[in-house]
Amino acid sequence: MKNKLFLYLSKYSNLDYNIYSYSINILFIYSMVFLIILFLSVRFDILIEQLLFWLLFIPLKRYTGGFHFKSKIMCIISSVFFSTLISYTAKFPVCSIYFRTIISILAISLTYKIKTLNHRNKRLNSREIEFYTHKAIVLECVYMLLLIMPLCNFYINIMTAILLFTLLNLIVAKIFKQG
């Protein structure tokens, strides 16, 4: 099916098969993750929390980069596990302002020190790394302000867990020399 679609599309454009194949695989993985997470979110009654998680996490992950498994299966399992776990933290009692502040400061400091991480499929030049690092730090500062002066309790644990996960993600990526 993938090859038939490629042949059809290549009649109307100059597609490189490797790029096309990679794109289809990524689309398939994201679709699988989305469907599994959607099912679990409905099952555990955390659909709104899950949407909030993705709304807050995707921009931060885009700017910081992070650890990538070599196995597609491990990528799917870890994405489903962590997004569900982090979203589920909204059901817990709100964590203390001291913990939120420490996690925020650590996330900002580590992002400043480590910088945005490269992905093996898309290397960044030093100007891009500085640009993305700056964007990540600004976003983390905004999150920190929202955590210190909360507008409501609903998002506090999710946002704190996102910053904690970002911290761990950067550390693990550096330990395994990714980026």
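Guide: Ile105 is partly exposed, because its relative accessible area is 43% (buried is under 20%, exposed is over 50%, partly exposed lies in between; 1.4 Å probe, protein chains only). The model is predicted: local features need pLDDT of at least 70, side-chain atom pairs count only at pLDDT 80 or more, and totals for chains, interfaces and linings use all residues. Residues are numbered from 1 along each chain as its sequence is written, and side-chain values use heavy atoms, with hydrogens and water left out.

Ile105 sits in helix α5 (helices are DSSP runs of H or I with at least four residues, strands are runs of E with at least two, numbered from the N terminus). Now look across to Glu140. Ile105 and Glu140 lie 35 residues apart in sequence, yet their C-alpha atoms are 8.8 Å apart in space.

Helix α5 covers 97-114. What else is there? The protein has seven helices and zero strands. From the N terminus, the order is α-α-α-α-α-α-α. The C-alpha trace spans about 60 × 45 × 30 Å along its principal axes. Take the contacts (heavy atoms within 4.5 Å) between residues at least 6 apart in sequence: 76% of them join residues at least 24 apart.

Turn to the interior. Of the 179 residues, 39% are buried. The largest nonpolar core has 32 residues (a core is a set of buried Ala, Val, Leu, Ile, Met, Phe, Trp, Tyr and Cys residues joined through side-chain atoms within 4.5 Å). Ile86, Tyr143, Ile162 and Leu163 have the most contacts inside this core. Helix α5 is one of its suppliers: α3, α5, α6 (126-148) and α7 (156-175) each give at least two residues. The largest share, ten residues, comes from α7. Follow Tyr143. Setting aside neighbours within four places in sequence, Tyr143 touches Leu56, Leu60, Met159 and Leu163. There is also a second, separate core of six residues, with Ile29, Ile37, Leu40 and Val80 among them.

Now the outside. The protein exposes about 11,500 Å², and carbon and sulfur atoms supply 71% of that area (Shrake-Rupley method, 1.4 Å probe; for residues, only the protein chains shown count as cover). Phe34, Leu35, Leu38, Val42, Leu47, Ile48, Leu51 and Phe154 make up a nonpolar surface patch with about 750 Å² of accessible area together. Patch residues have over 30% relative accessible area and no salt bridge; like charges are joined within 9 Å, nonpolar side chains (Val, Leu, Ile, Met, Phe, Trp, Tyr) within 5 Å. A salt bridge puts a side-chain nitrogen of Lys or Arg within 4 Å of a carboxyl oxygen of Asp or Glu. Helices α2 (17-43) and α3 (47-64) each give the patch at least two residues. The largest share, four residues, is from α2. Leu47 belongs to α3. Leu47 counts as partly exposed because its relative accessibility is 35%.

Last, the cysteines. The disulfide count is zero (a disulfide needs a pair of cysteine sulfur atoms within 2.5 Å). Cys95 is in no disulfide; the nearest cysteine sulfur, that of Cys152, is 13 Å away. Cys95 is buried, at 19% relative accessible area. Cys152 is likewise in no disulfide. With a relative accessibility of 37%, Cys152 counts as partly exposed.
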